[in-house]
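Hi everyone, thanks for making the time today. Please bring the sequence and the structure up on your screens, and we will walk through them together.

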Amino acid sequence: MQRIPFIFKNFRIFFALYPLAFLSFNLSGYDVVLSSSSAFAKGIRKRKGAVHVCYCYNPMRFVWRYSDYIKKENFPGLINWILPFVLSPIKCWDLYNSKNVDHFIAISKIVSQRIKQIYSRDSIVIYPPIDTKQYAVSAIDGDYFLIVSRLVGYKRIDLAVEAVSRLGLPLIIAGEGPSLAQLKRNASANITFLGKVSDQKLKKLLSECRALILTGEEDFGMTPLEAAASGRPTIAYAKGGALETVVDEITGIFFGQQSAESLMKAIEKFDKMDFDKKTLRAHAEKFDKEIFKDKIRRFFDENKIL
């Protein structure tokens with residue numbers, strides 16, 4: 001697919017070809033296939049007798065949660081009208097291929113519930129790994145809040161832009177995406193957009209921020225753990241994976257409604273609280289990559305896959 005002209009800048013246009021791309025892989029020489037899938041990778045072909053383990057980030061969001069996904073993407077009206085017809089065969093394809101997976105591993109409890117609801121399949125939960133050694137706790141306490149995210153509609157970065165604009169607080173946003181121009185138009189002078197930043201810069205931002213802000217409903221969400229590994233709490237929307245990565249009033253706080261007003265109340269509450277950096281770091285270490293490796297190995301051993 002990399003040979004298709006303009007695909008890297010317009011990859012969404014070609015999404016209907018992705019199933020064919022994964023079907024084209026020749027995996028006949030393998031006894032075990034471990035797919036890492038948020039959409040299409042679970043559709044690979046395996047040889048007879050082989051075992052397919054799917055580490056599933058979520059059933060296809062744009063197919064199975066279409067209304068939530070599309071309402072904030074600002075696609076032209078014609079595309080919004082056509083998409084349901086294009087997605088219908090992909091939905092059938094996804095259901096069919098889910099039956100060819102021998103074992104599902106879900107990244108979170110909420111994703112495990114969706115796998116059961118949509119595919120009628122059981123799964124176990126093994127949380128994604130974080131390399132805690134890559135993050136460090138800093139003695140420098142900055143005065144800014146931080147968002148680290150792709151700038152797409154369903155992440156609801158607009159809520160944070162509105163909330164901190166009204167409160168007059170400094171906010172740094174690291175990330176790129178199609179919502180950038182709209183967010184900049186609505187942002188006040190106290191909001192800084194950095195675009196894509198280096199890993200080194202990101203680690204510094206995480207270790208010195210007052211708190212990370214997470215406004216979207218995440219399937220899991222790594223950034224709260226990256227912040228915790230850096231000794232910093234998270235102000236998170238109380239839904240989805242954040243309920244599994246943030247411990248209320250210990251490693252962060254929640255806001256209950258996906259609105260600027262609810263987020264503002266949480267920020268005002270946060271201002272009156274203190275968080276222990278060592279406790280935050282210890283929480284992140286429960287999700288370390290070595291623990292992840294051990295759980296994956298035990299899963300394969302217990303199911304006699306290798």
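**A helix and its neighbours**

Let me start with helix H6: its buried residues pack against S5, S6, helix H7 (180-186), S7, S8 and helix H11 (260-270). Before I go on, this is a predicted model, in which local features need pLDDT of at least 70 and side-chain atom pairs count only at pLDDT 80 or more, while totals for chains, interfaces and linings use all residues. Residues are numbered from 1 along each chain as its sequence is written, and side-chain values use heavy atoms, with hydrogens and water left out.

Now a few words on terms. Helices (H or I, at least four residues) and strands (E, at least two) are DSSP runs, numbered from the N terminus. Buried means under 20% relative accessible area, exposed over 50%, and partly exposed in between, with a 1.4 Å probe and protein chains only. Contact means heavy atoms within 4.5 Å.

So which residues of H6 are buried? They are Ile157, Leu159, Ala160, Val161, Ala163 and Val164. H6 covers residues 157-167 and lies across S5, S6, S7 and strand S8 (211-214), at about 160° to S6. Such angles run from 0 to 180 degrees between N-to-C directions, with axes as lines fitted to C-alpha atoms, for helices over the stretch in contact. Just after H6 comes glycine 168, with a positive phi of about 70°. Helix H8 (residues 199-208) also lies across S5, S6, S7 and S8, at about 140° to S5.

**The sheet**

In what order do the six strands of the open sheet come? The order is S7-S6-S5-S8-S9-S10, and the pairing is parallel; two strands pair if DSSP finds at least two bridges between them. Strand S7 (191-195) and strand S10 (252-255) are at the edges with a single partner strand each, so one side of each has no neighbour in the sheet. From one strand to the next, the twist averages 25°.

Let's look at some of the pairings. S5 (residues 145-148) and S6 (residues 171-174) are joined by four bridges, and phenylalanine 145 stands opposite leucine 171 in S6. S8 and S9 pair over three bridges, with leucine 212 opposite threonine 234 in S9. Between S8 and S9 the chain passes through helix H9 (residues 223-229), in a right-handed β-α-β crossover. Right-handed here means that, with the strands pointing away from the viewer, the path from the first strand over the helix to the second runs clockwise.

In a regular strand, side chains alternate between the two faces of the sheet. On S9 (residues 234-237), Thr234 and Ala236 point one way, Ile235 and Tyr237 the other, and all are buried.

**Aromatic rings**

Rings of Phe, Tyr and Trp (its six-membered ring) pair if their centres lie within 6.5 Å; planes under 30 degrees apart count as stacked, over 60 as edge-to-face and the rest as tilted. By this rule there are 13 aromatic pairs. In one of them, the rings of phenylalanine 104 and tyrosine 119 have centres 5.7 Å apart and planes at 20°, so the pair is stacked. Phenylalanine 104 is in strand S3 (residues 103-106) and tyrosine 119 in helix H5 (residues 109-119), so this pair ties together parts 15 residues apart in sequence. Phenylalanine 104 counts as buried at 2% relative accessibility, and tyrosine 119 counts as buried at 6%.
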